[in-house]
2 protein chains.
Amino acid sequence: MHKKLFIPGPIEVSEDVLQKMSTPMIGHRSKDASKLQKDISDKLKKLFYTENEVLLSTSSGSGLMEGAVRCCTKKRAAVFSIGSFGDRWHEMAISNGIEADLFKSEPGSVTTPEMVEEALSTGNYDLITITHNETSTGVMNPVEEISNVVRKYPDVIFCLDTVSSAGGTKIEVDKLGVDICITSSQKALGLPPGLAICTISERAVEKARTVKNRGFYFDLVQLYDTVKDKDYQYPSTPNLSAMFALDYQLNRIMEEGLENRFNRHLEMAEYTRAWAKKNFELFPEEQYASVTLTTVKNTRGISVKDLNAELGKRGYAISNGYGNLKEKTFRIAHMADLTLNDVKELLAAIDDILSIS
Amino acid sequence: MHKKLFIPGPIEVSEDVLQKMSTPMIGHRSKDASKLQKDISDKLKKLFYTENEVLLSTSSGSGLMEGAVRCCTKKRAAVFSIGSFGDRWHEMAISNGIEADLFKSEPGSVTTPEMVEEALSTGNYDLITITHNETSTGVMNPVEEISNVVRKYPDVIFCLDTVSSAGGTKIEVDKLGVDICITSSQKALGLPPGLAICTISERAVEKARTVKNRGFYFDLVQLYDTVKDKDYQYPSTPNLSAMFALDYQLNRIMEEGLENRFNRHLEMAEYTRAWAKKNFELFPEEQYASVTLTTVKNTRGISVKDLNAELGKRGYAISNGYGNLKEKTFRIAHMADLTLNDVKELLAAIDDILSIS
């Protein structure tokens, strides 16, 4: 039996979007391929509220996160972490020989604008990475307040991980001043995994041109120049199947309307949070709770593993806590094309299993 | 109208394989995902005649080529090139700050065992890269003779690019002593692009453990350790759609039988070569002509562009020459699930368009 996925990626993909994954192949150096890639870019620019160029990468989001910190750091990177995916960004810098410092917040807490101010004011850094939405804890960082600080330092390249938020909440790249905004297909955009996406500012590209040893596959300069010089084509053969599906799904997203889509995510989040507060507790402070994923503190001491096994029999899957938070928390993702009704059904099933009246 | 692809990737994908791309999602940390990935690995070990471990990467083959030269070179890499994809391997080394020398053969010629002997006997190198099948020229290197030389140097890691040959001809990894054998989904394996594959020897892994700054996404040690320690799972979310299709396609390949599949490729190649010799000339020496792709010397001075446009109207696509060889050559790929009948139909269409009696 297929389990409806309420996990933070891979997510439940709509049947018609899945069907687009079966589109017959075309040559990746054909005009049809250029058109496909340009159409996708144009729609993604709307989704990210940006005039910056869009790059696609056949990889997970991690690939572009690595490319960003590697290609655009000359001096030192300030890596802010509110969980596992922030820590990973630091590991990426170090494993590439990039000088980087890790600024960690407690699990469940945010990166504060004050922390960012304190770090950047030292003048030690020329790149900053921020996690917008941390799926290991269910926390969404106050990106507007953070960006107000970052914009005071025009020599700092601003990299934002929106892997699990883009498509589920408004991210105004140009207004926020984000230089490299990264996401991935298998989260709130509602597609299978296999494609990563970023927007990139011209100043980030120009900065990267001055950095040595940027590598090949995730060299953002090569990706950018190939898109620009070769009519939206790519240095290597891209994941065309995912691109056919992405193009189609972006049409669906635009038909739903961005504001409607963001509101739907908020409604699902608010319903799930209310349920969590009534029966358990929210893990993060409510004002920083994610709109795509709710992390619930397991105050009843239930066996999350057993709960998920029972849910599995009914055709649902949620996520246990991440890493050290296993069994201490559990996670319900409500993103992409799931509806409020889907969420209500899931929570009713949990109520039934746990005999919550 | 869909064009049947006789280009060297993306290739024509069978309808039932395409349908598997639409398989609904599962969690990538689930037991089902582990099983899927282990099943794929077991079958790929048979296809590569190896007991070495298999790693999958959500990228094009270029990603693993970069990972191999970056992770396993401590001293200096000897990069042998018979065309664009060999040159690319050198570029990958240099762009990662890896010391490497490029040994180029003339377009249409092979890497000779003597060239390899001369380079390795200097003692300067601890890694060698060889292109098995070069799609820019249609040349297949004499990999057995080359491997006889490489095996005399037990401290040299042997990397082989079989991106456009694996699945179309026998590559006996263990017998040849290949440490890292790399391929990609969208060539002779008969799948859409989006997944790269390599086999890796334990000594290559152990060597890589001693190399610094291996990066993150293409760190072969991290990929290997995650596969080993986490029951065939991956550090990042993999391209599950392509894995469902790959698992299915490997069953189809085993049902056809490896020898039958390799013979089918040889038959298509021999038919195409005979046609080319009758009407044009072969670009490479016949003994080194690829079994997955025939490069034809344009001795009639036809317009390849016009020919391809006419073919397009009839539902076929071939490839013009690569780079400088454009219009001077053209390329007919005959790989994956294409049949001798498909090839006959295509060549008859070309005969008709060119009024070749």
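Biologist: How many residues does the contact take from chain A and from chain B?

Modeller: In this predicted model, the contact takes 49 residues from chain A and 49 residues from chain B. Between them the two chains bury about 3600 Å², with 58% of that area on carbon and sulfur atoms, and the count of salt bridges between chain A and chain B is 0.

Biologist: Which residues of the two chains are linked into a cluster by ring pairs?

Modeller: The cluster consists of Tyr217(A), Phe218(A), Tyr217(B) and Phe218(B), linked by ring pairs. Over all chains, a search of the whole structure finds 19 aromatic pairs. One of the aromatic pairs is formed by Phe6(A) and Tyr316(A), with 6.1 Å from centre to centre and 55° between the planes. This pair links distant parts of the chain, 310 residues apart, since Phe6(A) lies in the loop between β1 (4-5) and α1 (15-20) of chain A, while Tyr316(A) belongs to strand β13 (residues 316-317) of chain A. Both Phe6(A) and Tyr316(A) are buried.

Biologist: Why is the pair of Trp275(B) and Phe280(B) called tilted?

Modeller: The ring centres of Trp275(B) and Phe280(B) are 5.7 Å apart, and rings pair if their centres lie within 6.5 Å. Their planes stand at 45°, whereas stacked requires planes under 30 degrees apart and edge-to-face requires over 60; the pair of Trp275(B) and Phe280(B) is therefore tilted.

Biologist: What makes Trp275(B) and Phe280(B) count as buried?

Modeller: The term buried applies under 20% relative accessible area. Trp275(B) has a relative accessible area of 7%, so Trp275(B) is buried, and Phe280(B), at 5% relative accessibility, therefore counts as buried.

Biologist: What sits over the ring of Phe280(B)?

Modeller: The charged end of Arg300(B) sits over that ring, 5.6 Å from its centre, and the distance criterion for such a placement is within 6 Å of the ring centre. In chain A, Arg300(A) lies over the face of Phe280(A), at 5.5 Å from the ring centre.

Biologist: Which residue does UniProt list for "binding site"?

Modeller: The unreviewed UniProt entry lists Arg331(A) under that feature name. In the model, Arg331(A) lies in strand β15 (residues 329-333) of chain A.

Biologist: How do you know whether Arg331(A) is buried or exposed?

Modeller: Its relative accessible area is 7%, and buried means under 20%, so Arg331(A) is buried. Leaving aside neighbours within four places in sequence, Arg331(A) is in contact with residues including Phe6(A), Pro8(A), Thr135(A), Ser136(A), Leu293(A) and Tyr322(A).

Biologist: Why does Leu220(B) count as buried?

Modeller: Relative accessibility is 1% for Leu220(B), against a limit of under 20%, so Leu220(B) counts as buried. Leu220(B) has its place in helix α9 (residues 220-229) of chain B. Beyond neighbours within four places in sequence, the residues in contact with Leu220(B) include Leu55(B), Leu64(B), Cys71(B) and Ile200(B). Leu220(B) and Cys71(B) are 149 residues apart in sequence, yet 6.8 Å apart in space, C-alpha to C-alpha.

Biologist: What makes Thr199(B) a buried residue?

Modeller: Thr199(B) has a relative accessible area of 0%, which is set against the limit of under 20%, and Thr199(B) is therefore buried. Thr199(B) is found in strand β10 (residues 196-200) of chain B. Not counting residues up to four places away in sequence, Thr199(B) touches several residues, among them Phe48(B), Asn52(B), Val54(B), Asp179(B) and Cys181(B).

Technical notes:
Residues are numbered from 1 along each chain as its sequence is written. Chains are lettered from A and ligands numbered from 1 in the order in which they are written. This is a predicted model: local features need pLDDT of at least 70, side-chain atom pairs count only at pLDDT 80 or more; totals for chains, interfaces and linings use all residues. Side-chain values use heavy atoms; hydrogens and water are left out. Rings of Phe, Tyr and Trp (its six-membered ring) pair if their centres lie within 6.5 Å; planes under 30 degrees apart count as stacked, over 60 as edge-to-face and the rest as tilted. Helices (H or I, at least four residues) and strands (E, at least two) are DSSP runs, numbered from the N terminus. Buried means under 20% relative accessible area, exposed over 50%, partly exposed in between (1.4 Å probe, protein chains only). A charge sits over a ring if NZ of Lys or CZ of Arg is within 6 Å of the ring centre and within 35 degrees of the ring normal. UniProt positions are given in the numbering used here, feature names are shortened, and annotations may be inferred rather than shown by experiment. Contact means heavy atoms within 4.5 Å. Buried area is the accessible area (1.4 Å probe) that two parts lose on being put together, summed over both. A salt bridge is a side-chain nitrogen of Lys or Arg within 4 Å of a carboxyl oxygen of Asp or Glu.
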